[in-house]
Amino acid sequence: MFRLFNKQKADEAIPEWYPELQESQEKWFIFLEKLEAKIEEFATAAIPELKEIMQSDDDLYKRTFHRVYSGVNGQLSNIRQKARDTYDEKILKVYQDYNSYISVLSKHHNLISDFRNDCCDRYNDFEEICEYWRNQIEKTQKRDLEIEYKKILEEYEVIKNKFNCTQCGGNIQIEKIFLLETYISCPYCQTQNTFAPSTHAKNLQNIARDLADQRTAHLYEAFETENNKERELYYEIHELSLSKIHESDKKVIAEIQSKMNDLEEQRQSVIKNAPKLYQVYLRAMYDEWNAIVPDLKEHNEKMYQNQLHKK
């Protein structure tokens with residue numbers, strides 16, 4: 001998979017220090033393979049556990065999850081640091097030692113350079129694998145807001161007909177999910193009763209925007225895809241423009257220009273269409289937000305207009 005060293009020409013003698021250098025590199029590769037296997041085993045076991053804790057933890061701030069999450073990240077960081085320390089001690093130091101007494105004019109100096117480059121490339125591959133698993137672990141922080149919203153709705157269904165007047169004992173129906181403590185008038189004796197929503201109900205306004213975003217993510221993705229096309233088409237046109245500079249064949253130049261014109265037409269279409277897709281997303285997202293927390297509709301609509309005009 002990885003080249004260890006370039007083979008020497010048949011008429012060149014292998015220096016006596018070469019086997020030692022080769023052994024250091026082989027050990028380095030084996031060491032990283034073991035660390036990679038350890039990381040994969042650790043991460044594949046930790047990720048399902050983190051997801052389960054995230055969904056089952058009723059704590060509003062997910063403190064149990066974040067404690068375990070920090071521990072998992074700490075373990076991963078320790079493994080990466082171990083690789084870093086070993087690289088410094090077993091690879092970089094060895095390279096510096098050999099490089100200090102073997103002249104750059106030596107016909108064997110390339111072996112030292114190859115050693116450093118190959119070991120560095122292998123280390124970079126290891127870091128990419130670590131980063132992949134770190135990203136997978138990071139994704140476990142994403143909360144399923146639909147589940148949280150469902151719990152709030154279920155809680156509301158339980159309590160909406162169980163609130164009684166403190167004065168006459170008459171039943172007072174809670175007509176909606178309140179986000180803040182509020183006064184509710186008794187329909188029988190007109191007494192003002194204080195109704196305090198639960199912690200989860202109060203948190204609805206904190207998750208509403210993110211929940212609306214989750215529900216309309218496909219629309220935002222469509223906008224992003226269209227928006228990115230403009231840059232891709234621009235660079236494609238630019239590359240074609242550069243190709244014309246040293247071209248002398250008029251027929252080829254005409255073909256290139258024709259292709260550039262077609263691409264520019266596509267680019268202008270994208271420039272017009274992308275804002276429309278953004279407006280579709282934005283309107284849908286705010287509609288969802290307003291449906292989740294109707295009390296914030298007036299405030300949200302002002303935000304919508306401001307955001308619409310800024311884009």
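Ile 53 is buried, because its relative accessible area is 14% and buried means under 20%. The model is predicted.

**Ile 53 and its surroundings**

- Ile 53 belongs to helix α1, which runs over residues 18-56.
- Leaving aside residues up to four places away in sequence, Ile 53 touches Thr 64, Phe 65 and Val 68.
- Val 68 is 15 residues from Ile 53 in sequence, and the two C-alpha atoms are 8.7 Å apart in space.

**The largest pocket**

- Rolling a probe the size of a water molecule over the atoms shows where empty space is left.
- The largest pocket holds about 230 Å³ of space.
- Its lining has 17 residues, of which Asp 58, Lys 62, Glu 148, Lys 151 and His 200 are the closest to the centre of the pocket.
- Helices α1 and α4 (145-159) each supply at least two residues of this lining, and α4 gives the most, with 5 residues.
- By type, the lining of the largest pocket has 5 nonpolar, 3 polar and 9 charged residues.

**The second largest pocket**

- The volume of the second largest pocket is about 160 Å³.
- It is lined by Glu 23, Ser 24, Lys 27, Trp 28, Phe 31, Thr 86, Glu 89, Lys 90 and Val 94.
- Helices α1 and α2 (63-101) each supply at least two residues of the lining of the second largest pocket, and α1 gives the most, with 5 residues.
- The lining of the second largest pocket divides into 3 nonpolar, 2 polar and 4 charged residues.

Definitions and conventions: Residues numbered from 1 in each chain as written. Predicted model: local features only at pLDDT ≥ 70, side-chain atom pairs only at ≥ 80, totals over all residues. Heavy atoms only, no water. Helix = DSSP H or I, 4+ residues; strand = E, 2+ residues; numbered from the N terminus. Buried < 20%, exposed > 50% of the residue type's maximum accessible area, 1.4 Å probe, protein only. Contact = heavy atoms within 4.5 Å. 1 Å grid on protein atoms, 1.4 Å probe; cavity = no way out; pocket = protein on both sides within 12 Å on 5 of 7 lines; lining within 4 Å. Points joined across faces, edges and corners; volume = space filled by probe spheres on them. Nonpolar A, V, L, I, M, F, W, Y, C, P; charged D, E, K, R; others polar.
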